[in-house]
Amino acid sequence: MALEHAILVSLSERSGSGYELTRRFEKSIGLWWSATHQQIYRVLKRMEDAGWVAVAPVAQSGKPDKKVYTVGDAGRAELARWLAEPDPSATARELAVKIRGAALGDPAAVAAEVTRHRDAHAAQLDAYLLIEKRDFPEPSVLSGQSLHQFLVLRGGIRTEQGHVEWLEEVLRAFHHDA
């Protein structure tokens, strides 16, 4: 996924200038995607050239006109296409963009993607738990290298548990919203 899709989701929620988008990325959107001012402006230019966004100049008193960006038909079509496209290798932040934008496309397709990712994380969790049971049956007696290996494994277990719990929460909310 590219920054373009995160921007399309943001602009679909509320039109804005490049400066306003930067502020959004520093606040709420920044929780799951970070982008610099320069990155946002470069991508907005590409999106404008591709016809994904439209730009309207807005006069400002004592300042240069600002450019306000809105999502165009081609941008809405691209966002809907991307939201529906399965991506087994999507990162948590990419999945978060799809979840945030689900209402802008096919929520059922996004739910199917969330289900696939939940299942993959659950399988990885099961594998880690088997390793823990097999290789570290008595964690309280560990020390040195074996303790360190165990601690890293526990980090993986906790990470996968967190992903599974979050994605199950998302699926419950999608089901309730349907």
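pLDDT is the predictor's confidence in each residue, on a scale from 0 to 100. What you have here is a predicted model, where local features need pLDDT of at least 70, side-chain atom pairs count only at pLDDT 80 or more, and totals for chains, interfaces and linings use all residues. Numbering starts from 1 along each chain as its sequence is written, and side-chain values use heavy atoms, with hydrogens and water left out.

The protein chain averages a pLDDT of 93, and 97% of the residues score at least 70. Helices (H or I, at least four residues) and strands (E, at least two) are DSSP runs, numbered from the N terminus. Here are the two ends of the confidence range:

| Helix | Residues | Mean pLDDT |
|---|---|---|
| α2, lowest | 18–26 | 88 |
| α6, highest | 107–135 | 97 |

Now for α2 itself. Gly-18, Leu-21, Thr-22, Arg-24 and Phe-25 are buried there, meaning under 20% relative accessible area with a 1.4 Å probe, protein chains only. They sit on the same side of α2, because they cover an arc of only 160° around the axis, taken from the directions from the helix axis to the C-beta atoms. These buried residues pack against α1 (3–13), α3 (37–50) and β2.

Phe-25 turns up again in the largest nonpolar core: of its 34 residues, Leu-3, Ile-7, Leu-11, Phe-25, Trp-33 and Val-114 touch the most other members. Such a core is a set of buried Ala, Val, Leu, Ile, Met, Phe, Trp, Tyr and Cys residues joined through side-chain atoms within 4.5 Å. α1 gives the most to this core, with six residues.

Definitions and conventions:
Buried means under 20% relative accessible area, exposed over 50%, partly exposed in between (1.4 Å probe, protein chains only). Contact means heavy atoms within 4.5 Å.
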